[in-house]
Amino acid sequence: MVKRDLVVVGGGPAGMAAAISAYENGVKDILLIERDLYLGGILNQCIHTGFGLDYFKELLTGPEYADRFIKKIRSLPDIDISTRSFVVNLKKDKTVTYLKPGAMCVVRPKALIMATGCRERTREMVHIPGTRPAGIFSAGLAQRLINIDGLLPGKEVVIIGSGDIGLIMARRFTLQGAKVKAIVEIQKQTRGLVRNVVQCVEDFGIPMYFNHKVSKIHGKDRVEKISIVQIDDNMKDVSGTEVEIGCDTVLVSVGLIPENELIEMAGVDMDKRTNSPISKEVNKTSIPGLFVCGNSFKVYDYVDSVTADSELAGKLAAQYLRKTK
Amino acid sequence: MSKYDIVIIGGGVVGTAIARELSRYKVKVVLLEKEAELAFGVSKSNSGIIHPGTQHSPGTLKGKLCVQGNALTRKLAKELFIDFKKVGELIVAFTGEERTRLEQLKKDGDACGVPSLKMVTKAWLKKNEPNLSGEALAALYAPTAGIISPYRWVYDFAENAISNGVEIRTETKAEKIVITNPGFEIITPKGNFSAKYVINAAGLYADEIARMVGINDFKICPRKGEEFLLDKKRENLTRHLLFPLPSKTSKGILVTRTSDGNPMIGPTAEDVQDREDLSTTEAGLKKVLEGAKKMVPSINENDIIAYFAGLRPASGDDFIIRHEDKVPGFINVAGIQSPGLTAAPAIALMVTGLLKQAGLNMKKKLFFHKYRKKEYHLFSMPLAKSKKLIKKDASYGDIVCRCEMVSAKEVREAIARGARTMDGVKFRTRAQAGRCHGSFCTSRLMKILAEETKLPSTGITKRGHGSEIVKEDRING
Amino acid sequence: MIRKMICIECPKGCSLSVDIEGCKVKTVTGNKCPRGAAYAIAENEEPMRIFTATVATKGLNLKLIPVRTNKPIPKKDLFLAADETRKIRVEKPLKAGDTVTDNFLGLNVKLLATREVA
């Protein structure tokens, strides 16, 4: 087992900002653990603009935003980075066990910052009845398949949920030559930024159905069509409004859930409803010296907010280390 | 045309259990499965319960073969290296009338030979099943109930059968059977197979196969069951498998768990017409939640992370396992709904007996590979053991599926053992079966499948032809 | 004709009233800064968009490299831009900010790499 002053789990925008901030606040022994081959986290697949307006006063794409932090971290040799490293166990005393090809490593830091981001809510969690054919993707998976793997998930798409990820993917699919036949939103207005409604939906004339829910997914081996129905103010189906839309792909964009199974494993007090740690102060948890930052602390709309939150966490970790010396 | 002693039609738990049993003998066997992989029919939707044998009338095949099968399963689980968890079952009574019915069930169970049955009191239940509803009055406790992974069970039978000489052909649908007397010729799109004996283990289509040789005295009536899985975080919801008193058509809404640790509630029991209707419904969810909450009030709809539906190949009240005297050499193994999974090894023995009776000369092989090569799953071993594995083979440390902790090595091994599709990988390794449902691992899994099967990305399917994951490769397409 | 729209130049999202005659903008009201007026004019006469996409590589560590135009291009040319990027293959290492194509589509904008590729 190796001992460290600070371990940061997650090398996306949150983890990088936290590590850099901790360093700038005096911590010189830092290990950053990242499961992918590259740093950057989800930003690597967010090829669109909309990042950095606040933090850098520039309109950047996701990879460009990440690149700024990657360059900074590279310039700080005191921050050790372990990629392809997957944390599988976290103990109450902050001992971290991670796997990487060829090794299982155990490290016990004095302070720990968790920056593990989110996963997407799935079709099953929102109980959409019907079959389970090929062609159903979370918006993030579709984004990854297109932007990283160069694969087109489908040609006729219906998007469930009008949050930003869904809207962004509407544009991406359209520019890839696919037809986005509808965006179905359960509430009466979009959850996404106006900017995205204009540039992703209105620009391409994609129909948006508000106050509608998907009542069934059809198709044996591949999605064939979906049924949607209007709902009233009490979320009850309005009879006679059911409509079928033919499609071969369904994108599910119905929210993000903080990925906090590790801190739950360690026994941190959790808010079961949001899957986030119960915190009396921002970034702190019920285990002293264990901090959570970025989207795994709270789901933010802008990455700039993630950076601000994570810089604070880095500062707090540095403070904690000074106090407990 | 290929010549065999026996053709088994159907690659579910029954067909593969029979194949494995027959592989002990010097007979040439081929198993034909119409889907892209084994277990893709009825078996994949099985709840995985190894029943003790209660709830069946003495004198039925179901009763007899279930009790036998339960004991055989434990034995075979060791030989085939599958995780069999002895969990025990409680049939719970909520009213005085139900308690009386329990006594009858115990009598029937004892008559069937179910071991160690005992009636337990409210106090016992409070101590040993704390989350069970306080309204429960008493229960019948059957300690020999267990859980197993139903599709892994199929793959294990198949793997061992293959290592002992059985041939297995997937994507090979029996379209027509010609009675050549003696023997049969089975016509498939992949060629013709001739055999002296045919074993019809075709699940939902057993009646169609039987009709091909002129037997039409039974009909398969698909009965849909919807099941709902809860997050693994609620693993300790129950200690035993919880059953209500059975109704005429089904065992009721159960609160059980899968052998991988997810609590499971269901199934419903609804007769359907379409043999391919695997859709889940809002009504099904409501019914299951109602039944499950009655048993365990703390069950929360928000814990549901997955759901699926299966179709029981129901036909009458009992199994139909018989040699057809009118069509010598043809053995029907039909209507195998619950407790089919449990009974499978016993069914295999019974079918072997029927074959002998029908005149097949069955000599035991000199060398029979009883054991299956062990395989490792990181999610089911302590960390210290994982460490040793990773040192031995570095790719055990290359994690592909984060929710279920599945390594690249395990995925490659699954493919080496027969997985060809994303579902095939899922059933064997659990990658994509966790809470994120493949959002994280699908991309990597597709890459590994493409590498190992030499298919292009656009050729990777969910469960066979027609279910390709992506439509186009924008770089190489 | 009065068109109502929301300015998206910054998160303030001012509600704009745009008076259009023929295809030209006569006046813009409701904007709290000159960017709003410029946005309203451009949106109604010649809407412009920053174009982002991915471009295939050959012999590099990433299959695709994400790219962007350094300046907005006419909205009407977005599909043309998408088709054009499919023809490109990057074969040499690039840093974020390096030029992939000069004078993309002849529109006097550059197509830049947004991620490092080695």
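Visitor: Which residue stands opposite A:His212 in β16(A)?

Guide: Strands first. They are DSSP runs of E, at least two residues long, numbered from the N terminus. Two strands pair if DSSP finds at least two bridges between them. Here A:His212 stands opposite A:Gln230 in β16(A). This is a predicted model, where local features need pLDDT of at least 70, side-chain atom pairs count only at pLDDT 80 or more, and totals for chains, interfaces and linings use all residues. Residues are numbered from 1 along each chain as its sequence is written, while chains are lettered from A and ligands numbered from 1 in the order in which they are written.

Visitor: How many bridges join β15(A) to β16 of chain A?

Guide: Six, and the two strands run antiparallel. Strand β16 covers residues 225-230. Three strands of chain A form an open sheet, ordered β15-β16-β17, with antiparallel pairing. Its edge strands are β15 (212-218) and β17 (243-246), each pairing on one side only. Neighbouring strands are turned by 30° against each other on average, direction ignored; the axes are lines fitted to C-alpha atoms.

Visitor: What do β10(B) and β11(B) form?

Guide: A hairpin, with four residues between the strands. In the turn, B:Asn181 has a positive phi of about 40°. Strands β10 (176-179) and β11 (184-188) of chain B pair in the antiparallel sense over four bridges. B:Ile177 has B:Ile186 as its bridge partner in β11(B).

Visitor: How many residues does the largest nonpolar core have?

Guide: The general idea: in soluble globular proteins, nonpolar side chains tend to be buried together. A nonpolar core is a set of buried Ala, Val, Leu, Ile, Met, Phe, Trp, Tyr and Cys residues joined through C-beta atoms within 7 Å. Buried means that 20 or more other C-beta atoms lie within 10 Å of a residue's own, with C-beta atoms placed from the backbone. The largest core has 127 residues, and A:Ala19, A:Ile113 and A:Ala317 have the most contacts inside it. Apart from it lies another core of 119 residues, including B:Ala17 and B:Phe427.

Visitor: How many residues of chain B are in contact with chain A?

Guide: Contact means C-beta atoms, placed from the backbone, within 7 Å. By that rule, 42 residues of chain B are in contact with 39 residues of chain A. Strand β18(B) gives the largest share of chain B's side, five residues.

Visitor: Which strand of chain A pairs with β23(B)?

Guide: Strand β11 (residues 151-152) of chain A, in the antiparallel sense over two bridges. A:Leu152 stands opposite B:Glu472 there.

Conventions:
Buried ≥ 20, exposed ≤ 12 C-beta atoms within 10 Å, placed from the backbone. Axes fitted to C-alpha atoms, helices over the stretch in contact; angles between N-to-C directions. Contact = placed C-beta atoms within 7 Å.
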